Amino acid sequence: MVVMFSLNRAVLLVALFSDFQINAAPSSPVHRREAPRGDSVTLICNVSMEDAADVKWTKGNLFFLHSIVLNATVSNFSSPRLRIETDLPTKLMILNVQDEDEGLYGCTVTNWNGLQQIRWNLTLSEEVEEISYSIYYFLKVPIGAGIFLCSALLVVCYYRKCGRRAESH
C-alpha cells in the first residue's frame, strides 16, 4: 500500500510540474463564453467522472489539480475570486469578472481510459448602457395637458352656466 501511495504521489507531481501534455484524444473544440465586467461566471467541466483519477483546471501558467485517488489538491490559482470546491472540482466559479480573467480555460479529467478535455475562451463584453425612460416620463406631459384642458373646460362650462343664470334673472 505504501508503494502504491508513493507511486500515485509521484504521478501527481509529474502531472503538476511537467510542461508537456499527453493527448489521448483529438483537440476538443473551444467553447466561447462572454460576460460583462463585474458579473459572475461558472464554467462546468461536463465530462464523465466515472473512474476519474483527477481533475485539472488550467489558464495559462495557472493550474488547479485535484487528485480524487489521493484526495489531495495542489493549486497556484491565487485570486480569491476564483473558486473550485474540492467536493465538486468540475465547477470553476469566477466572481466579479475582471480584465485579467479573460483568456483560455481548460478542464481535463483523467481516468483509466485517458483524458477528457473541455476548453472555454472567456471574453468580457462591453456593457452598453441602455437609455431607459420611465413610462411616467412619457405619460407626465400628456396627463398634465389633459388635466389642464379638462380644468379649463370645466371653468368655461361653469362660467357659461352661471352667466346664463344671471342673464335670465
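β2 and strand β7 (residues 88–94) run antiparallel and pair over four bridges; strands here are DSSP runs of E, at least two residues, numbered from the N terminus, and two of them pair if DSSP finds at least two bridges between them. This is a predicted model, with local features needing pLDDT of at least 70, side-chain atom pairs counted only at pLDDT 80 or more, and totals for chains, interfaces and linings using all residues. Residue numbers start from 1 along each chain as its sequence is written, and side-chain values use heavy atoms, leaving out hydrogens and water.

Within that pairing, L43 has L92 in β7 as its bridge partner. The open sheet has three strands, in the order β2-β7-β6, with antiparallel pairing. β2 (41–44) and β6 (82–85) sit at the edges with a single partner strand each, so one side of each has no neighbour in the sheet.

C45 lies in the loop between β2 and β3 and C107 in strand β8, so the pair ties together parts 62 residues apart in sequence. The S-S torsion is about -95°, so the disulfide is left-handed. C45 is buried at 3% relative accessible area, and C107 is buried at 0%, where buried means under 20% (1.4 Å probe, protein chains only).

Methods. A disulfide is a pair of cysteine sulfur atoms within 2.5 Å. Buried means under 20% relative accessible area, exposed over 50%, partly exposed in between (1.4 Å probe, protein chains only).
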